[in-house]
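Here are my notes on the charged side-chain pairs. Please read them with the model open.

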Amino acid sequence: MKKQRILILAEQYLPGVKGGGPIRSLENMINALADDFEFFVLTSNCDLNDHNPYEGIVNDHWLKKDNYTICYIDVVKASWFKIIHLINEVK
């Protein structure tokens, strides 16, 4: 049976740490439910109150991780059109 997809829009996510509790809560939820659901995380490419993107991150493309798929949005070049396009790729 195909897993249901869940799209999470989060201002910060891993490898970020400055966002604190919400990052850890999402990480724990994804790890706990990964066997039953397919998770997609759409998030910014930098940590809370940072203007420098994470090193080694590919922007604006879905990247497969162990328990989820993630897309880091370039916050400098973000647009509603780009966000909607990335959401539509999840279906």
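**Notes on the salt bridges**

1. Lys-82 is partly exposed, at 23% relative accessible area. Keep in mind that this comes from a predicted model. The partner of Lys-82 is Asp-60, and the closest N and O atoms of this salt bridge are 3.1 Å apart. Lys-82 sits in helix H2 (residues 80-90), while Asp-60 sits in the loop between S2 and S3, so the bridge ties together parts 22 residues apart in sequence.

2. Is Asp-60 buried or exposed? Asp-60 counts as buried, because its relative accessibility is 19% and the cut-off for buried is under 20%.

3. The structure holds four salt bridges. Another one of them joins Asp-50 and Lys-18, with an N to O distance of 3.2 Å. Asp-50 belongs to the loop between strand S2 (37-44) and strand S3 (62-64), and Lys-18 to the loop between strand S1 (4-10) and helix H1 (21-33), so this pair links parts that are 32 residues apart in sequence.

4. Both of these side chains belong to partly exposed residues. Asp-50 has a relative accessible area of 29%. For Lys-18 the value is 46%.

5. Helix H1 carries a pair of its own: Glu-27 and Arg-24 are three residues apart in it, about one helical turn. Their side chains meet in a salt bridge, 2.9 Å from N to O. Glu-27 is partly exposed at 22% relative accessibility. Arg-24 is partly exposed too, with a relative accessible area of 35%.

Methods
Residues numbered from 1 in each chain as written. Predicted model: local features only at pLDDT ≥ 70, side-chain atom pairs only at ≥ 80, totals over all residues. Heavy atoms only, no water. Helix = DSSP H or I, 4+ residues; strand = E, 2+ residues; numbered from the N terminus. Buried < 20%, exposed > 50% of the residue type's maximum accessible area, 1.4 Å probe, protein only.
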